[in-house]
Amino acid sequence: MVEPAAQARERIVGPGRIVVKVGSSSLTMDGGRRLDPERIEALVAALANRRLTGDQVVLVSSGAIAAGIGPLGLVRRPRDLATQQAAASVGQGALLAAYTGAFAAYGLTVGQVLLTADDVTRRSHYTNARRTLDRLLDLGIVPIINENDTVATHEIRFGDNDRLAALVSHLVAAHSLVLLTDVDGLYDGPPSEPGTSRIPLIRSLADLESVRIGGTGSMVGTGGMATKIEAAAIANSAGVTAVLCAATAVGSALAGEDVGTVFLPGAGGRGSRKLWIAHATTPRGTLTVDAGAVAALVERRKSLLPAGITAVAGSFVDGDPVDVAGPDGSVFARGLVSYDASELPQLLGRSTRELARALGPEYEREVIHRDNLVIR
């Protein structure tokens, strides 16, 4: 009988599209101040081998800011946004040049795709990015994706490429996502502590309840174990198998060997629209609802009506994403609102029938329709 972990790894070996994410610390040397050609060549060798077998490979790569640190004469990763953008502007060219040369040795062509959070928050941008990536892959190109740090602001940035990679795995309908890091998998405690061991398989989030997870990243990166687990969960919610492993083990992971930690998707992933609302949107405000509305939304899967809303916060317009919070302030849902923020205060606590009589038939509608609502 095949073990569950082995079955899970067979999914990664299976044919189709695969997304691989690599962080800055896995690509650099000298304390993260310049790119390491040997590390890049080793990564590319593993990806090229997979690509040349007929599979389609997408690489989500950090490293632009780190690659710009040395040329700018900096001694460490900059903290302010303007200098980060300057470093990214200088480093992005160096990073792409390194990948272009490395893949060319295998007869493969790369294409650069720079995204901001806005590109997967706005539905029109999201679908356009999908079309572009589909076409690149159909043409035999290896897309290399990074966040567009040179134009991103604090308000519209991912913060790390783990979440971006998870969203890209859904965007391109990949069967697997490989998250490369500095450690060889998820452990049941801090890896440096005696007695801890690698966890080969995570079947569901319940398996993580007893695991202590740190959230800090490396000196040159912005991610951490917590963000990688979140990314794996996002991928799993779209039906994508995820594996977390050391960058040096990427070839073994792609071959289905027992390395890293595999995260299994649950039965029946969310549809495209629901996944987009849940993970690819930035809320423009918050609607606080009463206990009755919480029960209606969570237990009976109803739409959100004005009668159940007790407070409105934020600045949003019809069609924007907003969070929904219970009486205690905890957010439990996200959806696309059907009213402007300025309209809602006069509607709170009133039934749609009453609103239609008082204000007109156009007000006899849900604040968030159930088809546009995702419960967390």
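Visitor: Are Tyr339 and Tyr363 buried or exposed?
Guide: Both of them are buried. Keep in mind that this is a predicted model.

Visitor: How are their rings arranged?
Guide: The ring centres of Tyr339 and Tyr363 are 6.1 Å apart with the planes at 25 degrees, so the pair counts as stacked. The cut-off for stacked is planes under 30 degrees apart.

Visitor: And which parts of the chain does that pair tie together?
Guide: Tyr339 is in the loop between β14 (331–336) and α12 (352–359), while Tyr363 is in the loop between α12 and β15 (373–375), so the pair ties together parts that lie 24 residues apart in sequence.

Visitor: What sits over the ring of Tyr339?
Guide: The charged end of Arg365 does, 3.8 Å from the centre of the Tyr339 ring.

Visitor: OK, how many aromatic pairs does the count come to?
Guide: Two. Tyr99 and Phe103 form a tilted pair, with 6.5 Å centre to centre and 45 degrees between the planes.

Visitor: Where are Tyr99 and Phe103 in the fold?
Guide: Both are in helix α4 (residues 81–104), and because they are four residues apart there, about one helical turn separates them. Tyr99 counts as buried because its relative accessibility is 0%. Phe103 is buried too, with a relative accessible area of 0%.

Visitor: Changing topic: where is Asp55 found?
Guide: In the loop between α2 (37–52) and β4 (56–61).

Visitor: Is that side chain buried or exposed?
Guide: Asp55 has a relative accessible area of 7%, so this residue counts as buried; the cut-off for buried is under 20%.

Visitor: What does the Asp55 side chain reach?
Guide: The backbone nitrogen of Gly16, at 3.2 Å. There's also a polar contact of 2.5 Å between the side chains of Asp55 and Arg50. Leaving aside residues up to four places away in sequence, Asp55 touches Gly14, Pro15, Gly16 and Arg50.

Visitor: Let's move to the strands. How many residues of β7 are buried?
Guide: Six of the six in strand β7 (residues 176–181), so the strand is mostly covered. Ser176, Val178 and Leu180 point one way, and Leu177, Leu179 and Thr181 point the other way.

Visitor: Which strands are joined to β7?
Guide: Strand β1 (residues 17–22) is joined to β7 by four bridges, and the two run parallel. Strand β9 (residues 241–246) is joined to β7 by six bridges, also running parallel.

Visitor: Who partners Ser176?
Guide: Ile18 stands opposite Ser176, and in β9 the bridge partner of Ser176 is Thr241.

Visitor: Which residues does Ser169 touch?
Guide: Val19, Ala174, Leu177, Ala235 and Val240, not counting residues up to four places away in sequence. Ser169 itself lies in helix α7 (residues 161–171) and is buried, with a relative accessible area of 0%.

Visitor: Last one: what about Thr282?
Guide: Thr282 is in the loop between α10 (272–279) and β11 (285–289). With a relative accessibility of 30%, Thr282 counts as partly exposed.

Terms used:
Residues are numbered from 1 along each chain as its sequence is written. This is a predicted model: local features need pLDDT of at least 70, side-chain atom pairs count only at pLDDT 80 or more; totals for chains, interfaces and linings use all residues. Side-chain values use heavy atoms; hydrogens and water are left out. Rings of Phe, Tyr and Trp (its six-membered ring) pair if their centres lie within 6.5 Å; planes under 30 degrees apart count as stacked, over 60 as edge-to-face and the rest as tilted. Buried means under 20% relative accessible area, exposed over 50%, partly exposed in between (1.4 Å probe, protein chains only). A charge sits over a ring if NZ of Lys or CZ of Arg is within 6 Å of the ring centre and within 35 degrees of the ring normal. Contact means heavy atoms within 4.5 Å. A polar contact is a pair of N or O atoms within 3.5 Å; within protein, one must be able to donate a hydrogen and the other to accept it, and residues adjacent in sequence count only if both atoms are side-chain atoms. Two strands pair if DSSP finds at least two bridges between them.
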